[in-house]
Amino acid sequence: MAESAILVALETLRNLLLDEAKFLSGVGSQVKGLQSQLKEMQCLLEDTDRSRQHKSKSVGYWILEIRDLVYQAEDVIEMYSVVQVSSRSGRGIRQFCQRFSCLPNRCCSLYKISWEISEIRSAIGRVYKSIHEYGLRSIIQEENSGPASENQRWQRKTYSFETNDCFVGMEEDLKRLVSLTVDDNLNRVISVWGMGGLGKTTIVRKVYNHVDVKHAFDSFAWVCITQQCQIRFVLEEVIKQLMPQQKEDAMHLSDTELVEQLFQVQKEKRCLIVLDDLWKIEHRDCLLGVFVDSQILMTTRKQNVADVGLSYKLGLLSMADGWELLKCKAFPRNYIPPDFGLQIELFEEVGKKMVKICGYLPLVISLLGGILSKRRSLKEWELVNKNIDDYLFSAGSTDQDNKINAVILDLSYEDLPSYLKPCFLYMGQFVEDQYIYGDNLYMLWIAEGLISVENRASEETLMDVAKCYLSELASRCMVEIVAQETVSSKRYVSCHLHDVVRDLCLLKGKKEDFRLKVVNCQAQGGRFDVLSPSVLGIKTRYLAMHFRGEVEVEHDQLTTTHEETNQHIRSLKFICHSKQRKINFPNSVLEYFHNFKLVRVLVFEGCNFQRRKLPKEIGNLIHLRYLRLRNCVFTELPSSISNLIYLCTLDLFHSWDVRIPNVLHKLIRLKHLFLPDYRKTSNARTYQLSLEGLNKLETLIGFDSLFHDWKSVSRMKNLQRLRATVHDTKTLSEIIDDLNTNWNNLHESTLIIKDGCELTSSEQEVPILKKLFTCSNLHSLWIDMRMQKLQQEIETQVVFPRLVFLTLRNCKIEDDPMLMLEMLPCLESLCLWPCSYVGKKMTCRATGFCKLKTIQLWGLPNLTEWKVEKGAMPILSELEIRHCPKLGKVQDELRSITNLEELEISEIPGFGKWVSGRKRGVQHCFPCSFRHHPSTDWPIS
């Protein structure tokens, strides 16, 4: 992790040298020298990181000292840039006189920064010298070859023979894998992959020893590969098992002779070879190049390694199977304690709570079962449940903790390249079960300096690099992602950490001194000092505070933190998770924020600012890269935001009627802009915001034709994401024209059409409705206005070649809309909301909606019959029907929808309320600018 910290510091220095080169006069050579030293140190530490199990106190001390020096270097350089930027702000005679009068102070600052950098360089030099004198590489090499390292390798080895262990919840997977393995006409290579602890080795061992498999093959071999794969050793092990009569001769064969014998035995016999725990593509390709005529079963955690032959991803257990596994482990040899039979329902209730906390992960459930096997009473089970984190995840709790860490996270974490480690540890700040939108995560990573410019290809943006980072983390099973396939690309909509992985991620962050602090405030009616030293910590760099319940934020002036503490903070997040109530932020708290001079990320969500204003001092946070004020109550931004020259992301989404001063053109690095929503009846009705000069924008969410001019947007050639609300036909026509011709890199576009547009107008050469429905670059469409003649207008056209999401509301369509909508080739989500359709019957034909996954029918007052022909909507997984008072005979139609996973029916006579499946919200997987909410007139993010 030390070399990861250096990587971030190097990125900071590189950006400073690029952006502020002319202001580094006098210390430029010092900064470049420091940069060179850090690069040397990074290369040396990469060797250390390849052996994470070193026990030497000297090595541990060196790493700790290097990390502290790196953080010091980053703080000093960034504080210097604060002084420089502040000294040159403002124009005119007055500002010139002020700068001239401050010249002595500037000279003092220059001398101080030069001296501090010199001290840091000297300290790094001393550490570097000590490392070479003591021989760091020889220490690590000795440890790698020592008995402790050898023991670890033995602990990781797996074997083909079965134990009398519980096998629960994977019976169908086993049946499928056996069938695939014995069928000679199917895939020669089968790769079972998934995160650590899923039971990949267990199920492959079951396949290997299955009676049908034993009858289908002549010879068998099982080899545990691991990260320390030695090709020669693997080949020797395989030939010893395939040809046991010649095992003594294997080690004396040359490489060529060894491969020749393997080729020969594969021709003579039908062989099954298991390669357990593969980590690298090059190892896989080398081995498969030798085992050319055998059936291969592989296990791996990495998707790219499994991307050969048939890739089989193993999933989590269900609640029922998880409970069965827990019982099996908790009551070995079928011994059931007397209390269990008498209190079975209470035991089951507590047990299922613990299964959920274990994240349905077989390894964790099994280890928990081992703990419970020594606790036979209900009271003891409840005590374990109450302190389950201490039993399973707390450092040093028991050997269980070491095993969970080792199996689930340690190996995968060690295998990460240095640039991915801080990105992964950064994700520990998000709460359990929280889905993080991919684009938001990319922006945060970029703002924190975790995305390296060196990893960027010539035509790529930093957002593209960040996407590659997330993709790699997902392929290594470190994170779980929700992906959306479009016509031209694959987009990661959201991601999250498995609960167990998140717990281990936070532990790993502490061990690696990542300096992330997560505060969960759930007090009811209490007061909380968010700026106290106990909250901020001494060395915290990333602070995330999550509020639930009624909490009063305050700041006690007597507990003001020291300036040194303020300088460490890089990221501040205050997030309210309560939907009923916002967190009140008093001025005494807000006014203190200007002391966090080096903060890069500032996030407020669900907050109510006193006097409904932000203090002008926010403009002093010149290092701010990311400012998010989402779902907050305030009336305007101060004009001092024009000082935020490094700001890349300004997010005011779902904060209503906020006035933004016309200074956005001064934010020369702004790339992602999320505008607030405005009500037609608000005082902001006469307000106009200029978007002129924002030609670097890649994201524009919240354009509204009532408050913004489209001509400025039309000149933004770098747009990749766009969401626009339109109230007039002229602007609508211009937007459609630009969508078709103006943007080559547009990945996501959402159009919301409101009253004021004349969709059936024929004044133009091409009717506007036909232009709209044949738009080639529109991904999401929301129509909230009357349009009765949908079918006649467009039935002969090729409609919406790329449309993925469609919502209709208040359209009052009279003819069955399904006859046209079923032809949309890419449609995945269809929402027919109140008064969208006023007819009586709808029919989904057998060949229609081939890609539809989600459908909502809400508030259709006249609908009496919905007919679904067999074969229609073949992949529909989510269905929601609400408030259709005349609709009947739904049961018969549901039988023809074979892949339905989640269903909700409510407010239909005779039905009561039906809910089935893993209901987490029909819109669970929608991207942020596409999600819709029934309580408002606007999409929300």
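**Overview. The whole chain of the predicted model.** Axes are lines fitted to C-alpha atoms, for helices over the stretch in contact, and angles run from 0 to 180 degrees between N-to-C directions. Helices (H or I, at least four residues) and strands (E, at least two) are DSSP runs, numbered from the N terminus. This is a predicted model, in which local features need pLDDT of at least 70 and side-chain atom pairs count only at pLDDT 80 or more, while totals for chains, interfaces and linings use all residues. Residues are numbered from 1 along each chain as its sequence is written, and side-chain values use heavy atoms, with hydrogens and water left out. The chain holds 34 helices and 31 strands. Of its 941 residues, 55% count as buried, a term for under 20% relative accessible area, with exposed meaning over 50% and partly exposed the range in between (1.4 Å probe, protein chains only). Where contacts (heavy atoms within 4.5 Å) join residues at least 6 apart in sequence, 69% of them link residues at least 24 apart.

**View 1. An open sheet of five parallel strands.** The strands follow the order β2-β3-β4-β1-β5, pairing being counted where DSSP finds at least two bridges between two strands. At the edges, where a strand pairs on one side only, lie β2 (219-224) and β5 (310-313). From one strand to the next, the twist averages 15°.

**View 2. The crossing of helices α15 and α18.** Two packed helices are described by the angle between their axes and the distance between the axes. Here the axes of α15 (residues 319-330) and α18 (residues 362-372) come within 7 Å and cross at roughly 35°. The crossing is right-handed, which means that the near helix is turned clockwise from the far one by less than a right angle. On the α15 side the contact is made by Gly 322, Leu 325, Leu 326, Lys 329 and Ala 330, while α18 contributes residues that include Pro 362, Ile 365, Leu 368 and Leu 372. Sorted by class, this contact has seven nonpolar, four polar and one charged residues, where Ala, Val, Leu, Ile, Met, Phe, Trp, Tyr, Cys and Pro count as nonpolar, Asp, Glu, Lys and Arg as charged, and the others, Gly among them, as polar.

**View 3. Helix α25 and the residue Asp 513 that comes after it.** The 13 residues of α25 (residues 499-511) reach 19 Å from the first C-alpha to the last, close to the 18 Å expected at 1.5 Å a residue, a span taken as 1.5 Å times one less than the number of residues. Among the buried residues of this helix are Val 500, Val 501, Leu 504 and Cys 505, as well as Asp 499, Arg 502, Asp 503 and Lys 508. Asp 513, which follows α25, has a positive phi, near 55°.

**View 4. Leu 543 in strand β11.** Leu 543 lies in β11 (residues 542-547) and is buried, with a relative accessible area of 1%. Beyond residues up to four places away in sequence, Leu 543 touches Lys 517, Val 519, Val 535, Leu 536, Ser 571, Leu 572 and Lys 573. The C-alpha atoms of Leu 543 and Arg 515 are separated by 8.6 Å, the two residues being 28 apart along the chain.

**View 5. Two loop residues, Arg 612 and Asp 657.** Arg 612, in the loop between β16 (607-609) and β17 (626-630), has a positive phi near 55° without being a glycine, and it is partly exposed at a relative accessible area of 46%. Asp 657, in the loop between β18 (649-651) and β19 (672-674), likewise has a positive phi, of about 55°, although not a glycine. Asp 657, however, counts as buried because its relative accessible area is 19%.

**View 6. Leu 830 in strand β25.** Leu 830 belongs to β25 (residues 829-832) and counts as buried at 0% relative accessibility. Leaving aside neighbours within four places in sequence, its contacts include Leu 806, Met 818, Leu 821, Phe 849, Leu 852 and Ile 855. Ile 855 is 25 residues from Leu 830 along the chain, yet their C-alpha atoms are separated by 4.8 Å.
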